[in-house]
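Biologist: I would like a close look at a single part of this model, followed by its surroundings. Please keep the account plain.

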Amino acid sequence: MTPRSKESHVLFLLIVGLLAWLVPGAGHLLLKEKKRAIIIFATIVLTFSTGLYVGSIGVINPVGATPWYVAQIMNSPMVAGLGHLTTTRHYFVYGRPSEIGQIYTSIAGLLNLLCIVNAVYLAHLRRAETN
Amino acid sequence: MLMIDAFVVASFTAPEKIGANPQSMLWLLPLVAAIVVAYKATKLPEIKAGNFLKEVAILFGSIIVFMIIIALVLCTLAWLITE
């Protein structure tokens, strides 16, 4: 592998990873894994939306629940916008709905992290196979 | 259209009423299903509807059965310690 192709390979992996983070499943779509992409997108968006529906957008709390927020932001950078909204407009949620909402949204984020890593790994494997 | 938008926004700005009762444990079922589907979507070498559903059903069943066994063991332990 020449230095230039190695650089382009790393750049490609970065693009796949960033795209997969930006929109769940987009990394796999870039690798022409359409079925996987659709399944991943539907699963993660549904899980995240269920968490928001149960606990309201108040479960995304960058100030009072930072560890949960770290997992939640793995869904997409757009979650940061929701976090900003909840801190400025003060949406409060307590008790079981808060727990369930936080668990759902955080698990969705961690699942997306798994998919990001998988998409980058698949991209790396394919490049290695073609060389 | 505005009514629908307002309804959707309202659905996500107020939490649902869920009590701290045994029934609320059922909320783990959709979560387990989501974890299984995403995991299998990344692990299967090829995605075919029949095979994918079969794999998902097997893993989902395994997790639920294992959780039930763990719950029964913990309940028995708690009963043995407290009685």
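Which exposed residues does the face of H5(A) turned away from its buried side carry?

Modeller: The model is a predicted one. On the face of H5(A) that is turned away from its buried side, the exposed residues are Gly81(A), His84(A) and Thr88(A). The buried residues of this helix are Val79(A), Leu82(A) and Thr86(A). These three cover an arc of only 55 degrees around the axis, which puts them on the same side of H5(A). Part of what covers them is H4 of chain A.

Just after the helix comes His90(A), with a positive phi of about 55 degrees.

Chain A has six helices and zero strands, in the order α-α-α-α-α-α along the sequence. Its C-alpha trace spans about 55 × 30 × 20 Å along the principal axes. Of the 131 residues in chain A, 46% are buried. Among the contacts in chain A with a separation of 6 or more, 73% are between residues 24 or more positions apart.

The next topic is the core. The largest nonpolar core has 40 residues, and those with the most contacts inside it are Ala20(A), Ile40(A), Leu111(A), Cys115(A), Ala119(A) and Ala38(B). Helix H5 (78-89) of chain A is one of the elements that give two or more residues to this core. H6(A) gives the largest share, eleven residues. Leu111(A) shows contacts to both chains: leaving aside neighbours within four places in sequence, this residue is in contact with Ile44(A) and Thr47(A), and also with Ala34(B), Ile35(B) and Ala38(B).

The two chains meet through 30 residues of chain A and 20 residues of chain B. On the side of chain A that touches chain B, helix H3 (34-55) and helix H6 (95-130) each supply at least two residues. H3(A) provides the largest share of that side, with 13 residues. By type, the residues on that side of chain A are 18 nonpolar, nine polar and three charged.

Buried residues are 10% of its 83 residues. The radius of gyration of chain B is 19 Å, whereas a compact globule of 83 residues would have one near 12 Å. Along the principal axes, the C-alpha atoms of chain B fill a box of roughly 60 × 40 × 15 Å.

Helix H3 of chain B, residues 49-82, has 34 residues and should span 50 Å at 1.5 Å a residue; its end C-alpha atoms are 49 Å apart, which agrees. This helix is hardly covered, as the count of buried residues among its 34 residues is zero.

Val36(B) is found in helix H2 of chain B and counts as buried because 21 C-beta neighbours lie inside 10 Å, where the cut-off for a buried residue is 20 or more. Not counting residues up to four places away in sequence, Val36(B) touches Val56(B), Leu59(B), Phe60(B) and Ile63(B). The C-alpha atoms of Val36(B) and Phe60(B) are separated by 6.3 Å, although the two residues are 24 residues apart along the chain.

Asp5(B) lies in helix H1 (residues 2-13) of chain B. This residue is exposed because 9 other C-beta atoms lie within 10 Å, and the cut-off for an exposed residue is 12 or fewer. Between the C-alpha atoms of Asp5(B) and Ile81(B), 76 residues apart along the chain, the separation is 54 Å.

To return to the part you asked about: H5(A) has Val79(A), Leu82(A) and Thr86(A) as its buried residues, and the face turned away from that buried side carries the exposed residues Gly81(A), His84(A) and Thr88(A).

How values were computed
Residues numbered from 1 in each chain as written. Chains lettered and ligands numbered in written order. Predicted model: local features only at pLDDT ≥ 70, side-chain atom pairs only at ≥ 80, totals over all residues. Rg over C-alpha atoms; globule rule 2.2 N^0.38 Å. Contact = placed C-beta atoms within 7 Å. Helix = DSSP H or I, 4+ residues; strand = E, 2+ residues; numbered from the N terminus. Nonpolar A, V, L, I, M, F, W, Y, C, P; charged D, E, K, R; others polar. Core = buried A, V, L, I, M, F, W, Y, C linked by C-beta atoms within 7 Å. Expected span 1.5 Å × (residues − 1). Arc of directions from axis to C-beta.
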